[in-house]
Structures are given as structure tokens and as C-alpha cells.
Amino acid sequence: MNGSQLTELPDDSEQLRPYVVNLRRAALQADELSAVGTFSDCFLIRFLRARDFDLALSLKVQDQCIPSWKR
């Protein structure tokens, strides 16, 4: 399934689960985001959809969007 097809799925779709899990793992391991502590599925899906489910781009945008005071 490509990014545009994934974007059309509902947030609770099981097909999105691997992408959400991988982005959460990457975000928690990233030095810049590790202090945030937790990320909801809905929050992560927004970043995945914004970058057509490209994990690396989603993580980069997430890092840019989270204010430093939340870290």
C-alpha cells in the first residue's frame, strides 16, 4: 500500500499499526524527542499522513514541530 492509500484509512485501522509503532520507537530513541516521553497514536498518525507515511520525513517534521520547552 502506498502513502496516499494509507492516508485514506481510518485512524484505528490495523494496517496503520506498524507505521505508528515504528514512528513511536524512532521518536523515543531520537535524542531530540526522547524527553517527551509518550506519543498518542492520533498524534503520530498526523505526522505520518503529512509525509505520506515516510518514517524518516515524519520523524524530521515531528522534531521541527515540537517546541523545545516540551522536550
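Colleague: Is Arg17 buried, exposed or partly exposed?

Modeller: The general idea is to ask what share of a residue's accessible area remains uncovered: buried means under 20% relative accessible area, exposed over 50%, and partly exposed in between, with a 1.4 Å probe and protein chains only. In this structure, Arg17 is partly exposed, with a relative accessible area of 36%. Please note that this is a predicted model, in which local features need pLDDT of at least 70 and side-chain atom pairs count only at pLDDT 80 or more, while totals for chains, interfaces and linings use all residues. Residues are numbered from 1 along each chain as its sequence is written, and side-chain values use heavy atoms, with hydrogens and water left out.

Colleague: Which elements make up the protein chain, and in what order do they run?

Modeller: Helices (H or I, at least four residues) and strands (E, at least two) are DSSP runs, numbered from the N terminus. Here the protein chain has four helices and zero strands, and the order from the N terminus is α-α-α-α. Of the 71 residues in the chain, buried residues make up 28%.

Colleague: How many salt bridges does a search of the whole structure find?

Modeller: A salt bridge is a side-chain nitrogen of Lys or Arg within 4 Å of a carboxyl oxygen of Asp or Glu. The search finds three. One of them joins Asp11 to Arg49, with the closest N and O atoms 2.5 Å apart. Asp11 lies in the loop between helix H1 (3–7) and helix H2 (17–29), and Arg49 lies in helix H3 (residues 41–50), so this pair ties together parts that are 38 residues apart in sequence. Both partners are partly exposed: Asp11 has a relative accessible area of 38%, and Arg49 has one of 23%.

Colleague: With which residue does Arg17 form a salt bridge?

Modeller: The partner of Arg17 is Asp41, and their closest N and O atoms are 3.1 Å apart. This pair links distant parts of the chain, since Arg17 is in helix H2 and Asp41 in helix H3, 24 residues apart. Asp41 is itself partly exposed, at 27% relative accessible area.

Colleague: Which side chain meets that of Arg24 in a salt bridge?

Modeller: The side chain of Asp41 does so, at 2.5 Å from N to O. Again distant parts of the chain are linked, with Arg24 in helix H2 and Asp41 in helix H3, 17 residues apart. Through shared partners, salt bridges join Arg17, Arg24 and Asp41 into one network.

Colleague: What span does H2 reach from its first C-alpha to its last?

Modeller: The expected span of a helix is 1.5 Å times one less than its number of residues. H2 has 13 residues and reaches 18 Å, close to the 18 Å expected.

Colleague: Which residues of H2 are buried?

Modeller: They are Val20, Leu23 and Ala27. To judge how such residues are arranged, one looks down the helix axis; the arc is that of the directions from the axis to the C-beta atoms. In H2 the buried residues fall within an arc of 70°, so they line one face of the helix. These residues pack against H3 and helix H4 (55–65).

Colleague: Which residues of H4 are buried, in turn?

Modeller: The buried residues of H4 are Ser58, Val61 and Gln62. Their arc, seen down the axis of H4, is within 105°, so they too line one face of the helix. The face turned away from the buried side carries the exposed residues Ala56, Lys60 and Gln64. What covers the buried residues of H4 includes H2 and H3.

Colleague: Which residues does Ser58 touch, not counting those up to four places away in sequence?

Modeller: Contact means heavy atoms within 4.5 Å. By this criterion Ser58 touches Leu23, Phe47, Leu48 and Arg51. Ser58 has 0% relative accessibility and counts as buried. Its side chain also reaches the backbone oxygen of Asp54 at 2.8 Å.

Colleague: Which residue caps the N-terminal end of H4?

Modeller: Asp54 caps that end, with a side-chain oxygen 3.1 Å from the backbone nitrogen of Ala56.

Note on methods: Polar contact = N/O pair within 3.5 Å; in protein donor to acceptor, adjacent residues only side chain to side chain.
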